Amino acid sequence: MRSSLLFMASTALAARPFLNEPDTGIDEQFAGLPNGTLPDLSKLVGLPDFDWAARQKMNESAYTYYRNGAAGEWSYRNNLEVFQRFRLRPRVMVDITKIEESLPTTILGHNFSAPFFIAPCARAGYAHEDGELGLVKGAGQGNILYMTSLYASKTLEEIAAAKVNSSQVLFQQVYLTENMTETQALFAQIEAIGSKAIIMTVDSAADGNRHRAARFGVKSADSSYSLLTWDMYHKLSNMTSLPIIPKGIQTVDDAKLAVENGVKAIYLSNHGGRQLDTTPSSLEVALEIYNEAPEIFQQIEVYADGGVRYGADVLKLLALGVRAVGVGRPFMYSNVYGAEGVKKVVDLLKYEVAIDAANLGVGDLKKIGSKYVDWRSVNGWFS
Ligand SMILES: Cc1cc2nc3c(=O)[nH]c(=O)nc-3n(C[C@H](O)[C@H](O)[C@H](O)COP(=O)(O)O)c2cc1C
(Lines give C-alpha, C1' and ligand atoms only; values in the text may rest on other atoms or scores of the structure.)
Protein backbone atom coordinates (compact mmCIF):
# COMPACT_ATOMS: atom_id res chain seq x y z
CA MET A 1 0.00 0.00 0.00
CA ARG A 2 2.70 2.42 1.11
CA SER A 3 4.74 1.82 -2.01
CA SER A 4 1.73 2.33 -4.27
CA LEU A 5 0.99 5.66 -2.55
CA LEU A 6 4.60 6.66 -3.00
CA PHE A 7 4.34 5.63 -6.65
CA MET A 8 1.21 7.78 -7.10
CA ALA A 9 2.90 10.75 -5.46
CA SER A 10 6.00 10.39 -7.58
CA THR A 11 4.05 10.06 -10.83
CA ALA A 12 2.02 13.14 -9.88
CA LEU A 13 5.26 15.00 -9.32
CA ALA A 14 6.68 13.67 -12.56
CA ALA A 15 3.54 14.82 -14.39
CA ARG A 16 4.34 18.45 -13.61
CA PRO A 17 8.06 19.14 -13.75
CA PHE A 18 9.21 22.69 -13.08
CA LEU A 19 9.22 24.67 -16.29
CA ASN A 20 11.43 27.73 -16.39
CA GLU A 21 9.66 28.70 -19.58
CA PRO A 22 6.34 26.87 -20.10
CA ASP A 23 6.30 25.27 -23.53
CA THR A 24 4.64 27.49 -26.11
CA GLY A 25 6.64 26.26 -29.08
CA ILE A 26 9.71 28.50 -29.05
CA ASP A 27 12.16 25.57 -29.25
CA GLU A 28 10.49 24.33 -32.44
CA GLN A 29 10.19 27.84 -33.90
CA PHE A 30 13.87 28.63 -33.55
CA ALA A 31 15.29 25.13 -33.92
CA GLY A 32 18.55 25.31 -35.82
CA LEU A 33 19.26 28.96 -35.00
CA PRO A 34 23.06 29.02 -34.58
CA ASN A 35 24.29 29.58 -31.02
CA GLY A 36 25.06 33.25 -30.47
CA THR A 37 22.43 34.42 -32.98
CA LEU A 38 19.41 36.21 -31.57
CA PRO A 39 15.93 35.45 -32.85
CA ASP A 40 14.26 38.29 -34.74
CA LEU A 41 12.86 40.56 -32.02
CA SER A 42 9.54 40.90 -33.82
CA LYS A 43 9.02 37.12 -33.43
CA LEU A 44 9.18 37.18 -29.60
CA VAL A 45 5.68 36.97 -28.21
CA GLY A 46 5.96 37.09 -24.43
CA LEU A 47 8.30 37.79 -21.52
CA PRO A 48 9.53 34.17 -21.08
CA ASP A 49 10.87 34.29 -24.66
CA PHE A 50 13.55 36.75 -23.57
CA ASP A 51 15.08 34.16 -21.23
CA TRP A 52 15.42 31.88 -24.25
CA ALA A 53 16.98 34.66 -26.32
CA ALA A 54 19.43 35.65 -23.57
CA ARG A 55 20.59 32.04 -23.20
CA GLN A 56 21.23 31.99 -26.89
CA LYS A 57 23.40 35.12 -26.80
CA MET A 58 25.09 35.52 -23.40
CA ASN A 59 28.07 33.49 -22.26
CA GLU A 60 27.36 30.83 -19.64
CA SER A 61 28.63 32.68 -16.58
CA ALA A 62 26.94 35.98 -17.50
CA TYR A 63 23.61 34.24 -18.19
CA THR A 64 23.99 32.28 -14.95
CA TYR A 65 24.48 35.50 -12.95
CA TYR A 66 21.09 36.71 -14.19
CA ARG A 67 19.26 33.39 -13.96
CA ASN A 68 20.53 32.08 -10.63
CA GLY A 69 18.57 31.74 -7.40
CA ALA A 70 19.68 30.89 -3.85
CA ALA A 71 20.51 27.32 -2.77
CA GLY A 72 18.05 24.75 -4.24
CA GLU A 73 16.19 27.62 -5.98
CA TRP A 74 12.88 26.71 -4.28
CA SER A 75 12.01 30.40 -3.85
CA TYR A 76 13.02 31.15 -7.43
CA ARG A 77 10.69 28.40 -8.65
CA ASN A 78 7.90 29.32 -6.23
CA ASN A 79 8.01 32.94 -7.39
CA LEU A 80 7.14 31.74 -10.89
CA GLU A 81 4.71 28.97 -9.95
CA VAL A 82 2.72 30.71 -7.23
CA PHE A 83 0.68 32.72 -9.70
CA GLN A 84 -0.86 29.64 -11.32
CA ARG A 85 -1.94 28.26 -7.93
CA PHE A 86 -4.57 31.00 -7.58
CA ARG A 87 -7.37 30.87 -10.13
CA LEU A 88 -8.95 33.98 -11.60
CA ARG A 89 -12.71 34.67 -11.22
CA PRO A 90 -13.62 36.36 -14.51
CA ARG A 91 -16.82 38.42 -14.65
CA VAL A 92 -18.68 38.76 -17.92
CA MET A 93 -21.11 41.26 -19.49
CA VAL A 94 -18.99 44.18 -18.28
CA ASP A 95 -18.03 47.29 -20.31
CA ILE A 96 -14.27 46.92 -20.64
CA THR A 97 -13.77 49.07 -23.73
CA LYS A 98 -11.84 51.80 -21.85
CA ILE A 99 -9.45 49.49 -20.03
CA GLU A 100 -6.32 50.80 -21.79
CA GLU A 101 -7.05 54.33 -20.58
CA SER A 102 -6.90 53.13 -16.98
CA LEU A 103 -3.34 51.71 -17.14
CA PRO A 104 -1.49 54.94 -16.25
CA THR A 105 -0.74 55.39 -12.57
CA THR A 106 1.34 57.42 -10.14
CA ILE A 107 4.21 56.10 -8.05
CA LEU A 108 5.14 58.42 -5.17
CA GLY A 109 3.28 61.15 -7.06
CA HIS A 110 5.14 60.68 -10.38
CA ASN A 111 3.16 59.83 -13.51
CA PHE A 112 3.79 56.62 -15.46
CA SER A 113 1.99 54.87 -18.30
CA ALA A 114 1.59 51.51 -16.51
CA PRO A 115 1.51 49.99 -13.02
CA PHE A 116 4.75 48.05 -13.52
CA PHE A 117 8.41 49.09 -13.45
CA ILE A 118 11.94 47.83 -14.06
CA ALA A 119 13.26 46.38 -10.77
CA PRO A 120 16.83 47.29 -9.79
CA CYS A 121 19.25 44.69 -11.15
CA ALA A 122 23.05 44.87 -11.09
CA ARG A 123 25.41 44.46 -14.04
CA ALA A 124 23.33 45.20 -17.12
CA GLY A 125 26.63 45.23 -19.01
CA TYR A 126 26.64 41.41 -19.00
CA ALA A 127 23.86 41.44 -21.61
CA HIS A 128 24.85 44.40 -23.77
CA GLU A 129 27.77 46.80 -24.08
CA ASP A 130 25.39 49.73 -23.50
CA GLY A 131 24.53 48.22 -20.12
CA GLU A 132 21.97 50.25 -18.18
CA LEU A 133 21.63 52.80 -21.00
CA GLY A 134 19.35 50.38 -22.86
CA LEU A 135 17.17 50.04 -19.76
CA VAL A 136 16.89 53.81 -19.19
CA LYS A 137 16.03 54.43 -22.82
CA GLY A 138 13.53 51.55 -23.05
CA ALA A 139 11.84 52.69 -19.82
CA GLY A 140 11.77 56.31 -21.01
CA GLN A 141 10.34 55.42 -24.41
CA GLY A 142 7.65 53.30 -22.75
CA ASN A 143 7.14 55.88 -19.98
CA ILE A 144 7.58 53.44 -17.11
CA LEU A 145 9.69 53.74 -13.97
CA TYR A 146 13.23 52.35 -13.92
CA MET A 147 14.83 51.75 -10.54
CA THR A 148 18.55 51.83 -11.22
CA SER A 149 20.88 49.52 -9.29
CA LEU A 150 23.86 50.80 -7.33
CA TYR A 151 26.04 48.01 -8.73
CA ALA A 152 25.54 49.09 -12.31
CA SER A 153 27.95 48.59 -15.22
CA LYS A 154 27.76 52.31 -16.05
CA THR A 155 28.21 55.21 -13.63
CA LEU A 156 25.14 56.76 -12.06
CA GLU A 157 25.88 59.94 -14.03
CA GLU A 158 26.09 58.09 -17.37
CA ILE A 159 22.76 56.40 -16.64
CA ALA A 160 21.03 59.66 -15.71
CA ALA A 161 22.42 61.33 -18.83
CA ALA A 162 20.72 58.69 -21.01
CA LYS A 163 17.22 59.72 -19.92
CA VAL A 164 15.02 60.27 -22.99
CA ASN A 165 13.88 63.68 -21.70
CA SER A 166 14.24 65.86 -18.62
CA SER A 167 10.94 64.67 -17.18
CA GLN A 168 11.89 60.97 -17.14
CA VAL A 169 11.86 59.77 -13.53
CA LEU A 170 14.38 57.32 -12.05
CA PHE A 171 14.59 55.92 -8.52
CA GLN A 172 18.03 54.84 -7.22
CA GLN A 173 18.55 51.52 -5.38
CA VAL A 174 21.28 51.41 -2.73
CA TYR A 175 23.11 48.93 -0.54
CA LEU A 176 24.33 50.82 2.51
CA THR A 177 27.18 50.24 4.91
CA GLU A 178 27.68 51.56 8.44
CA ASN A 179 30.01 54.22 7.03
CA MET A 180 27.78 57.30 7.28
CA THR A 181 30.35 59.54 5.56
CA GLU A 182 30.23 57.31 2.48
CA THR A 183 26.44 57.20 2.66
CA GLN A 184 26.20 60.98 2.90
CA ALA A 185 28.35 61.31 -0.22
CA LEU A 186 26.25 58.70 -2.03
CA PHE A 187 23.00 60.47 -1.13
CA ALA A 188 24.45 63.77 -2.38
CA GLN A 189 25.42 62.06 -5.65
CA ILE A 190 21.91 60.59 -6.04
CA GLU A 191 20.29 63.97 -5.43
CA ALA A 192 22.69 65.64 -7.88
CA ILE A 193 21.75 63.27 -10.72
CA GLY A 194 18.06 63.99 -10.07
CA SER A 195 16.77 60.59 -8.86
CA LYS A 196 13.42 60.99 -7.14
CA ALA A 197 13.61 58.28 -4.45
CA ILE A 198 16.10 55.98 -2.73
CA ILE A 199 15.27 52.29 -2.76
CA MET A 200 17.13 50.79 0.20
CA THR A 201 17.60 47.04 -0.16
CA VAL A 202 17.00 45.42 3.25
CA ASP A 203 16.75 41.73 2.35
CA SER A 204 20.50 41.19 1.94
CA ALA A 205 21.88 41.26 5.48
CA ALA A 206 24.49 38.72 4.32
CA ASP A 207 25.77 37.16 1.12
CA GLY A 208 23.24 35.08 -0.83
CA ASN A 209 23.82 31.31 -0.81
CA ARG A 210 24.07 30.89 -4.57
CA HIS A 211 25.01 27.39 -5.71
CA ARG A 212 24.30 27.82 -9.42
CA ALA A 213 26.31 31.04 -9.57
CA ALA A 214 29.20 29.62 -7.54
CA ARG A 215 29.45 26.72 -10.00
CA PHE A 216 30.16 29.21 -12.77
CA GLY A 217 32.41 31.43 -10.68
CA VAL A 218 30.09 34.44 -10.45
CA LYS A 219 29.79 36.20 -7.12
CA SER A 220 27.01 38.42 -5.71
CA ALA A 221 27.42 42.15 -6.14
CA ASP A 222 26.89 42.61 -2.38
CA SER A 223 28.52 39.92 -0.24
CA SER A 224 29.28 41.58 3.11
CA TYR A 225 27.30 41.50 6.38
CA SER A 226 25.33 44.73 6.64
CA LEU A 227 23.95 46.50 9.67
CA LEU A 228 20.55 48.08 9.00
CA THR A 229 18.06 48.95 11.75
CA TRP A 230 15.05 51.26 12.10
CA ASP A 231 17.23 53.55 14.26
CA MET A 232 19.58 53.87 11.32
CA TYR A 233 16.64 54.42 8.98
CA HIS A 234 15.75 57.59 10.92
CA LYS A 235 19.32 58.85 10.78
CA LEU A 236 19.43 58.13 7.04
CA SER A 237 16.12 59.91 6.47
CA ASN A 238 17.61 63.02 8.05
CA MET A 239 20.50 62.90 5.59
CA THR A 240 18.39 63.38 2.44
CA SER A 241 15.27 65.11 1.23
CA LEU A 242 14.38 62.04 -0.87
CA PRO A 243 12.02 59.36 0.39
CA ILE A 244 13.80 56.15 1.41
CA ILE A 245 11.80 53.04 0.53
CA PRO A 246 12.78 49.68 2.08
CA LYS A 247 13.00 46.92 -0.56
CA GLY A 248 12.73 43.31 0.57
CA ILE A 249 9.89 43.33 3.14
CA GLN A 250 8.81 39.69 3.56
CA THR A 251 6.35 39.60 6.48
CA VAL A 252 3.30 41.52 7.67
CA ASP A 253 5.25 42.19 10.89
CA ASP A 254 7.91 44.18 9.07
CA ALA A 255 5.28 45.88 6.90
CA LYS A 256 3.61 47.11 10.12
CA LEU A 257 6.95 48.24 11.57
CA ALA A 258 7.71 50.12 8.37
CA VAL A 259 4.40 52.01 8.65
CA GLU A 260 5.09 52.78 12.33
CA ASN A 261 8.48 54.13 11.33
CA GLY A 262 6.94 56.54 8.86
CA VAL A 263 7.89 55.13 5.45
CA LYS A 264 6.04 56.44 2.39
CA ALA A 265 6.11 53.05 0.67
CA ILE A 266 7.34 49.48 1.07
CA TYR A 267 8.62 47.10 -1.56
CA LEU A 268 7.74 43.41 -1.09
CA SER A 269 10.44 41.17 -2.54
CA ASN A 270 12.55 38.12 -1.87
CA HIS A 271 15.18 39.47 -4.27
CA GLY A 272 14.00 37.23 -7.08
CA GLY A 273 14.70 34.17 -4.90
CA ARG A 274 18.41 35.03 -4.93
CA GLN A 275 19.08 35.70 -1.23
CA LEU A 276 17.47 33.30 1.25
CA ASP A 277 15.92 30.14 -0.14
CA THR A 278 12.39 29.15 0.94
CA THR A 279 11.34 32.75 1.60
CA PRO A 280 7.80 33.51 0.38
CA SER A 281 6.97 35.11 -2.93
CA SER A 282 5.73 38.70 -2.77
CA LEU A 283 2.25 37.48 -3.77
CA GLU A 284 2.15 35.38 -0.58
CA VAL A 285 3.42 38.30 1.49
CA ALA A 286 0.84 40.63 -0.06
CA LEU A 287 -1.84 38.07 0.79
CA GLU A 288 -0.59 37.89 4.40
CA ILE A 289 -0.81 41.69 4.65
CA TYR A 290 -4.24 41.66 3.00
CA ASN A 291 -5.50 39.14 5.57
CA GLU A 292 -3.87 40.57 8.70
CA ALA A 293 -3.42 44.31 8.12
CA PRO A 294 -5.27 45.34 4.93
CA GLU A 295 -5.22 49.02 6.02
CA ILE A 296 -1.53 49.11 5.07
CA PHE A 297 -2.48 49.23 1.38
CA GLN A 298 -4.31 52.50 2.09
CA GLN A 299 -1.75 53.98 4.51
CA ILE A 300 1.26 53.72 2.20
CA GLU A 301 2.14 52.61 -1.33
CA VAL A 302 3.07 48.95 -1.66
CA TYR A 303 5.25 47.65 -4.49
CA ALA A 304 6.02 43.97 -5.17
CA ASP A 305 8.21 41.88 -7.46
CA GLY A 306 9.33 38.32 -8.16
CA GLY A 307 8.37 35.90 -10.92
CA VAL A 308 6.07 38.30 -12.77
CA ARG A 309 6.01 37.13 -16.40
CA TYR A 310 2.41 37.64 -17.61
CA GLY A 311 -0.28 40.31 -17.53
CA ALA A 312 -2.40 38.12 -15.24
CA ASP A 313 0.48 37.97 -12.70
CA VAL A 314 0.44 41.77 -12.50
CA LEU A 315 -3.36 41.70 -12.06
CA LYS A 316 -3.18 39.28 -9.11
CA LEU A 317 -0.82 41.58 -7.22
CA LEU A 318 -2.88 44.68 -8.05
CA ALA A 319 -6.02 42.82 -6.91
CA LEU A 320 -4.62 42.69 -3.38
CA GLY A 321 -3.86 46.41 -3.31
CA VAL A 322 -0.29 46.50 -4.64
CA ARG A 323 0.25 49.81 -6.42
CA ALA A 324 3.04 48.88 -8.83
CA VAL A 325 4.75 45.64 -9.79
CA GLY A 326 8.47 45.17 -10.44
CA VAL A 327 9.93 43.00 -13.19
CA GLY A 328 13.60 42.02 -13.02
CA ARG A 329 15.01 39.22 -15.16
CA PRO A 330 12.80 39.65 -18.26
CA PHE A 331 14.04 43.24 -18.64
CA MET A 332 17.64 42.21 -18.00
CA TYR A 333 17.36 39.45 -20.63
CA SER A 334 15.61 41.78 -23.10
CA ASN A 335 18.60 44.10 -22.95
CA VAL A 336 20.51 41.64 -25.19
CA TYR A 337 18.65 43.59 -27.89
CA GLY A 338 19.46 46.93 -26.23
CA ALA A 339 16.80 49.61 -25.72
CA GLU A 340 14.62 48.13 -28.48
CA GLY A 341 14.29 44.85 -26.58
CA VAL A 342 13.52 46.64 -23.32
CA LYS A 343 10.81 48.72 -25.02
CA LYS A 344 9.36 45.57 -26.55
CA VAL A 345 8.93 44.04 -23.07
CA VAL A 346 7.18 47.23 -21.90
CA ASP A 347 4.79 47.02 -24.85
CA LEU A 348 4.12 43.29 -24.49
CA LEU A 349 3.38 43.54 -20.78
CA LYS A 350 1.15 46.62 -21.20
CA TYR A 351 -0.82 44.78 -23.87
CA GLU A 352 -1.16 41.67 -21.70
CA VAL A 353 -2.25 43.66 -18.63
CA ALA A 354 -4.94 45.36 -20.72
CA ILE A 355 -6.31 42.30 -22.51
CA ASP A 356 -6.13 40.09 -19.42
CA ALA A 357 -7.96 42.74 -17.36
CA ALA A 358 -10.63 42.99 -20.07
CA ASN A 359 -11.08 39.23 -20.19
CA LEU A 360 -11.32 39.27 -16.39
CA GLY A 361 -14.20 41.71 -16.63
CA VAL A 362 -12.27 44.63 -15.14
CA GLY A 363 -13.37 47.83 -16.87
CA ASP A 364 -11.09 50.14 -14.87
CA LEU A 365 -7.77 48.91 -13.53
CA LYS A 366 -8.06 51.26 -10.53
CA LYS A 367 -11.17 49.34 -9.48
CA ILE A 368 -9.63 45.86 -9.51
CA GLY A 369 -10.08 44.15 -6.15
CA SER A 370 -9.52 40.84 -4.39
CA LYS A 371 -12.88 39.42 -5.61
CA TYR A 372 -11.32 38.79 -9.04
CA VAL A 373 -9.13 36.00 -7.65
CA ASP A 374 -10.01 32.81 -5.79
CA TRP A 375 -7.49 33.07 -2.97
CA ARG A 376 -7.92 29.46 -1.88
CA SER A 377 -4.64 28.12 -3.17
CA VAL A 378 -4.84 25.20 -5.55
CA ASN A 379 -2.00 22.75 -5.03
CA GLY A 380 -0.49 22.85 -8.47
CA TRP A 381 1.52 19.67 -8.06
CA PHE A 382 -1.16 17.17 -7.13
CA SER A 383 -4.41 18.58 -8.50
C1 LIG B 1 20.74 39.91 -12.35
C2 LIG B 1 20.03 40.45 -11.15
C3 LIG B 1 20.66 41.42 -10.39
C4 LIG B 1 20.00 41.96 -9.28
N5 LIG B 1 20.60 42.96 -8.58
C6 LIG B 1 19.92 43.56 -7.57
C7 LIG B 1 20.49 44.68 -6.92
O8 LIG B 1 21.60 45.13 -7.23
N9 LIG B 1 19.77 45.23 -5.90
C10 LIG B 1 18.55 44.76 -5.52
O11 LIG B 1 17.92 45.29 -4.60
N12 LIG B 1 17.97 43.71 -6.17
C13 LIG B 1 18.63 43.11 -7.17
N14 LIG B 1 18.04 42.07 -7.84
C15 LIG B 1 16.67 41.67 -7.50
C16 LIG B 1 15.64 42.46 -8.32
O17 LIG B 1 15.58 43.80 -7.91
C18 LIG B 1 14.22 41.89 -8.18
O19 LIG B 1 13.88 41.83 -6.82
C20 LIG B 1 14.05 40.50 -8.82
O21 LIG B 1 14.81 40.39 -10.00
C22 LIG B 1 12.58 40.25 -9.13
O23 LIG B 1 12.40 38.96 -9.59
P24 LIG B 1 12.28 38.56 -11.16
O25 LIG B 1 13.67 38.61 -11.69
O26 LIG B 1 11.72 37.19 -11.12
O27 LIG B 1 11.37 39.56 -11.81
C28 LIG B 1 18.70 41.51 -8.93
C29 LIG B 1 18.10 40.52 -9.71
C30 LIG B 1 18.73 40.00 -10.82
C31 LIG B 1 18.02 38.97 -11.65
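A cavity is a set of grid points over the protein atoms alone where a 1.4 Å probe fits but cannot get out. In the predicted model examined here, three cavities of 30 Å³ or more are present.

The largest cavity has a volume of about 450 Å³. Its lining comprises 33 residues, and those nearest the centre are Pro 120, Cys 121, Lys 247, His 271 and Arg 274. Two or more lining residues are contributed by each of the elements α4 (60-67), β11 (324-327) and α15 (329-334). Of these, α15 supplies the largest share of the lining, namely three residues. By class, the lining of the largest cavity consists of 13 nonpolar, 13 polar and seven charged residues.

The ligand is located in the largest cavity. It is surrounded by 22 residues, of which Pro 120, Thr 201, Asp 305, Gly 328 and Arg 329 are the closest. The shell around the ligand divides into eight nonpolar, nine polar and five charged residues.

A nitrogen atom of the ligand is 3.0 Å from a backbone N or O atom of Ala 122. An oxygen atom of the ligand lies 2.9 Å from a polar backbone atom of Gly 307. For Arg 329, a backbone N or O atom is 2.9 Å from an oxygen atom of the ligand. The ligand taken alone exposes 600 Å², and 99% of that area is buried by the protein.

The second largest cavity has a volume of about 70 Å³. Asn 20, Glu 21, Leu 47, Pro 48, Asp 51, Tyr 76, Leu 80, Arg 309, Pro 330 and Tyr 333 form its lining. The elements that give two or more residues to this lining are α3 (48-57), α5 (74-81) and α15. The lining of the second largest cavity is made up of six nonpolar, one polar and three charged residues.

Definitions and conventions:
Residues numbered from 1 in each chain as written. Predicted model: local features only at pLDDT ≥ 70, side-chain atom pairs only at ≥ 80, totals over all residues. Heavy atoms only, no water. 1 Å grid on protein atoms, 1.4 Å probe; cavity = no way out; pocket = protein on both sides within 12 Å on 5 of 7 lines; lining within 4 Å. Points joined across faces, edges and corners; volume = space filled by probe spheres on them. Helix = DSSP H or I, 4+ residues; strand = E, 2+ residues; numbered from the N terminus. Nonpolar A, V, L, I, M, F, W, Y, C, P; charged D, E, K, R; others polar. Near = heavy atom within 4 Å. Polar contact = N/O pair within 3.5 Å; in protein donor to acceptor, adjacent residues only side chain to side chain. Areas by Shrake-Rupley, 256 points an atom, 1.4 Å probe, with all protein chains shown as cover. Sits in = over half its atoms within 2 Å of the grid points.
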